[in-house]
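Subject: Structure for your reading

Dear colleague,

Please find the structure below, together with its sequence.

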Amino acid sequence: MADNPSISVVIPVFNEEESLQQLNSELFQVLETFSNYEIIFVDDGSDDSSYSVLKKMADEDSRISAIRFFKNFGKADALSEGFKHAMGDIIITMDADLQDDPAEIPHLIKKINEGWDLVSGWKKNRQDPLLKRIPSRLFNFATRLFTGVKIHDFNCGLKAYRREVINALNIYGGLHRYIPAMAGQKGFSVTEIEVHHRPREFGKTKYGGNRFFHGFFDLFTMLFTSNYFNRPLHFFGFIGLTLFMAGLIISIYLTASWFQGIWIG
């Protein structure tokens, strides 16, 4: 990587009109220490004035890009579109709700420069309600267990990537939750650092309780496509063998019980 890498910051936005000006101001305070950077906002079908705010900021500064979806496709699609437009050697992702602290960006980049391919933030002191923290811990535990990628917080929005990582990933549906796991399974080096997580200042969370179920379906999708896409019989064969063995054991038990009944009679 170059001694002075270019930086792209990709930020999905959905109904965050109140936070955007402050976020933009904080980003420029941090990014001014870098000579070559860009900020890419992707408006994921907001129905407030988010895009108007973004468009005004983009018109006033050429380093800002504002991409607009005309319907809500979801965070994964917003990230994927932002990745297509990002020109930097290092790509930073973060949420638009001000809970991710832009001051952490230099720390993420420093860790990338140590040789890591992907650095994920760890919201160790997470400023969210308990009803969000408990499902998140379950997701993280299950993802560590099934993928072998040993980090605490897969779904933290604040991450840094080498360009090679985003070029290798196909992000859709709800798979943004498992980007570090997908990168790890493709052989990229993955680590994490603790990051400052702030309380929400404006609005409310955009995620409902149904993401608990969607998250596990997305985990299944990720595991299947990464481990078994080219070898589907390894997956279906395992299921078939398991069912066959269960049926065989039940049959042996029933047969033995039948003969035992004859002998007793």
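Ser-46 is placed in the loop that connects E2 with H2. Please note that the model is a predicted one. Is Ser-46 buried or exposed? With a relative accessible area of 12%, Ser-46 falls under the 20% cut-off and therefore counts as buried. Leaving out residues up to four places away in sequence, Ser-46 touches Val-13, Phe-14 and Asn-15. Asn-15 is 31 residues from Ser-46 in sequence, yet their C-alpha atoms are 4.9 Å apart in space.

Asn-15 itself belongs to the loop between E1 and H1. Its phi is near 55°, a positive value in a residue other than glycine. Most residues other than glycine have a negative phi. Leu-98 is another residue other than glycine with a positive phi, near 75°. Leu-98 sits in the loop between E4 and H4, and it is buried, with a relative accessible area of 1%.

I turn next to the protein as a whole. It has 265 residues, of which 47% count as buried, and it contains 9 helices and 7 strands. Among contacts between residues at least 6 apart in sequence, 79% join residues at least 24 apart.

E6 (residues 159-162) may be examined in detail. E4 and E6 run antiparallel and are joined by 4 bridges. Within this pairing, Thr-93 has Lys-159 as its bridge partner, and Ile-92 has Ala-160. E5 and E6 also pair in the antiparallel sense, over 3 bridges, and Ser-120 stands opposite Lys-159. In a regular strand the side chains alternate between the two faces of the sheet. In E6 both faces are covered: Lys-159 and Tyr-161 on one side, and Ala-160 and Arg-162 on the other, are all buried.

Does the length of H1 agree or disagree with what its residue count predicts? At 1.5 Å a residue, its 12 residues should span 16 Å, and its end C-alpha atoms are 16 Å apart, which agrees. The expected span is 1.5 Å times one less than the number of residues. The buried residues of H1 are Leu-20, Leu-23, Asn-24, Glu-26, Leu-27, Phe-28, Val-30 and Leu-31. What covers them includes E1 (7-13), E2 (37-44), H2, E3 (64-69) and H4 (105-113).

How do H1 and H2 meet? Two packed helices are described by the angle between their axes and the distance between the axes. H1 (residues 20-31) and H2 (residues 50-60) pack at an angle of about 35°, with their axes 10 Å apart. On the H1 side the contact involves Leu-20, Gln-21 and Asn-24, and on the H2 side Ser-50, Val-53, Leu-54 and Met-57. These residues divide into 4 nonpolar, 3 polar and no charged.

Finally, there are the nonpolar cores. The largest has 34 residues, and those that touch the most other members are Ile-11, Leu-27, Phe-41 and Ile-92. E1, H1, E2, H2, E4 (90-93) and H4 are the elements that give two or more residues to this core. Which element gives the most? H1 does, with 6 residues. Apart from its neighbours within four places in sequence, Leu-27 is in contact with Val-9, Ile-11, Ile-39, Phe-41, Met-94, Pro-102 and Ile-105. A second, separate core has 29 residues, including Ile-91, Leu-169, Leu-175 and Tyr-178.

With kind regards

How values were computed. Residues numbered from 1 in each chain as written. Predicted model: local features only at pLDDT ≥ 70, side-chain atom pairs only at ≥ 80, totals over all residues. Heavy atoms only, no water. Axes fitted to C-alpha atoms, helices over the stretch in contact; angles between N-to-C directions. Contact = heavy atoms within 4.5 Å. Nonpolar A, V, L, I, M, F, W, Y, C, P; charged D, E, K, R; others polar. Buried < 20%, exposed > 50% of the residue type's maximum accessible area, 1.4 Å probe, protein only. Core = buried A, V, L, I, M, F, W, Y, C linked by side-chain atoms within 4.5 Å. Pairing = 2+ DSSP bridges.
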